[in-house]
Amino acid sequence: MIERGETLEIERKFLIDGFPDLPPLQESVVLQGYLSTDPVVRIRSSQTGTHMQYVLCIKGKGTLAREEIELELDAETFLRLRGMLHSPMIRKDYKTYRLPDGLTLECSLVDAGEPTSFYYAEVEFDSIEEALCFEPPAFLGREITEEPGWSMGHYWRQKAGQSAKSGRS
């Protein structure tokens, strides 16, 4: 059995119709952009109340489980990397919730107000076995963990293509 280590991300993803009717543990506004989508090299800012966090994230290949390295950045470095992006950043209205089994549910509204807007949810696990045994609550819609075309990197590439066609950068 592979256990979640410092750099192994194990998660299942679902499409949802909206934020669940549960009390949120945390609410944040997240902006993320991709320096590369193969391999994934992403920058992200996250504002929770008055607290701001900046992260550089590198992800390996995989769907249910993949290597992930996250490095905290200072604001100046984040802004310099943001200047290297060739497309507008993705905005996520992000909320976390506690599921009845104690797991954390992470839900995002991606690019609210845009025609490409959608909601999705993720649940992270400590092991692949735990992920495979997870029985999702009914409000979690279609599972997209293994479906091609549902990664945020794929969404970024589509958004970048639309920005290039419209002349935005």
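User: What is Ser28 in contact with, leaving aside its neighbours within four places in sequence?

Analyst: In this predicted model, Ser28 is in contact with Ser46, Gln47, Thr48, Lys92, Asp93 and Tyr94. To count as a contact, heavy atoms must lie within 4.5 Å. Ser28 itself sits in strand E2, which covers residues 26–37.

User: How do you know whether Ser28 counts as buried or exposed?

Analyst: We set its value against the cut-off. Buried means under 20% relative accessible area. Ser28 has 6% relative accessibility, so Ser28 counts as buried. Across the chain, buried residues make up 41% of the 169 residues.

User: What makes the link between the side chains of Ser28 and Gln26 a polar contact?

Analyst: The distance is one part of the answer: a pair of N or O atoms has to be within 3.5 Å. The side chains of Ser28 and Gln26 are joined at 3.1 Å, and that value is within the 3.5 Å limit.

User: Now the whole chain, please. Which elements does the chain have, from the N terminus on?

Analyst: There are 3 helices and 8 strands, and their order is β-β-β-β-β-α-β-β-β-α-α.

User: Why is the chain called as compact as a globular protein of that length?

Analyst: The globule rule gives 15 Å for 169 residues, and the radius of gyration of the chain is 16 Å, close to that value, so the chain is as compact as a globular protein of that length. Along its principal axes, the C-alpha trace spans about 45 × 35 × 35 Å.

Methods
Residues numbered from 1 in each chain as written. Predicted model: local features only at pLDDT ≥ 70, side-chain atom pairs only at ≥ 80, totals over all residues. Heavy atoms only, no water. Helix = DSSP H or I, 4+ residues; strand = E, 2+ residues; numbered from the N terminus. Rg over C-alpha atoms; globule rule 2.2 N^0.38 Å. Buried < 20%, exposed > 50% of the residue type's maximum accessible area, 1.4 Å probe, protein only. Polar contact = N/O pair within 3.5 Å; in protein donor to acceptor, adjacent residues only side chain to side chain.
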